[in-house]
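Here are my notes for your first read-through. Please keep the structure open beside them and check each point as you go.

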Amino acid sequence: MQIDDPAVVAEVRAVFDRYEDALMNNRAEILDSLFWADPRTVRFGIGEILYGHEAIRAFRASVKAYARRAQRKVHIIAFGPDFAATHLEYERLGADGIPTGLIGRETKIMARMPEGWRVVSAHVSLLARDPGLQSR
């Protein structure tokens, strides 16, 4: 198995970037399309536990806008040509665009499906403010 094939990592990064753009612009139809349309898909959010694509779609439909965020670190690893994980460390921004000090983490597990790369599992968490927290 080849780990981190540059072509695969680039494909996954393009999906990651598309997801981020859709999230920041609340494009639910794009977000929905990037998740595996299957009852086995899982998304653990900051305040929700969602099992299945339909539950994830219903949640997305209820969101008026997502909190703004600034990426601090993106880490992508690909295992062979069809499986990858993305990790994002971010800082929440206030309505004024000023960092709030709240640090978020997001992990997405992706698999190449016949229709393209799809998120099969996602987990988002938010840490309390910690001025001493650093990426390693």
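This is a predicted model: local features need pLDDT of at least 70, side-chain atom pairs count only at pLDDT 80 or more; totals for chains, interfaces and linings use all residues.

**Notes on strands, charges and surface**

1. Start with the pairing of E4 and strand E5 (residues 99-113). These two strands run antiparallel and are joined over 10 bridges.

2. Glutamine 71 stands opposite tyrosine 90 in E4. The hairpin of E3 and E4 has three residues between the strands. Here glycine 80 takes a positive phi near 70 degrees.

3. Move on to E5 and strand E6 (residues 116-127). They pair in the antiparallel sense over 11 bridges. Their hairpin has two residues between the strands. Look for methionine 113, which has glycine 116 in E6 as its bridge partner.

4. Now pick one residue and study its surroundings. Leucine 88 lies in strand E4. Is leucine 88 buried or exposed? Leucine 88 counts as buried because its relative accessibility is 3%, and buried means under 20%. Leaving aside neighbours within four places in sequence, its contacts include Phe16, Glu20, Arg69 and Val74. Arginine 105 is another contact of leucine 88. These two residues are 17 apart in sequence, yet their C-alpha atoms are 5.6 Å apart in space.

5. Turn to the charges. Side chains of opposite charge can pair when their charged atoms come close. The structure holds 11 salt bridges. One of them joins the side chains of arginine 72 and glutamate 89, at 2.9 Å from N to O. Arginine 72 lies in strand E3 and glutamate 89 in strand E4, so this pair ties together parts that are 17 residues apart in sequence. Arginine 72 is partly exposed, at 37% relative accessible area. Glutamate 89 is buried, at 15%.

6. Compare the salt bridge between arginine 40 and aspartate 38. Their side chains meet at 2.8 Å, N to O. Aspartate 38 counts as buried, at 12% relative accessibility.

7. One more salt bridge deserves a look. Lysine 108 pairs with glutamate 106, and their closest N and O atoms are 2.6 Å apart. Both lysine 108 and glutamate 106 are buried. They also belong to a network of salt bridges that links Glu20, Arg69, Glu106 and Lys108.

8. Which residues make the nonpolar surface patch of about 430 Å²? They are Met1, Ile3, Phe79 and Phe83. Methionine 1 is found in the segment before helix H1 (6-24). Methionine 1 counts as exposed because its relative accessible area is 78%, and exposed means over 50%.

Key. Residues are numbered from 1 along each chain as its sequence is written. Side-chain values use heavy atoms; hydrogens and water are left out. Two strands pair if DSSP finds at least two bridges between them. Helices (H or I, at least four residues) and strands (E, at least two) are DSSP runs, numbered from the N terminus. Patches are made of residues with over 30% relative accessible area and no salt bridge: like charges are joined within 9 Å, nonpolar side chains (Val, Leu, Ile, Met, Phe, Trp, Tyr) within 5 Å. Accessible areas come from the Shrake-Rupley method with a 1.4 Å probe; for residues, only the protein chains shown count as cover. A salt bridge is a side-chain nitrogen of Lys or Arg within 4 Å of a carboxyl oxygen of Asp or Glu. Buried means under 20% relative accessible area, exposed over 50%, partly exposed in between (1.4 Å probe, protein chains only). Contact means heavy atoms within 4.5 Å.
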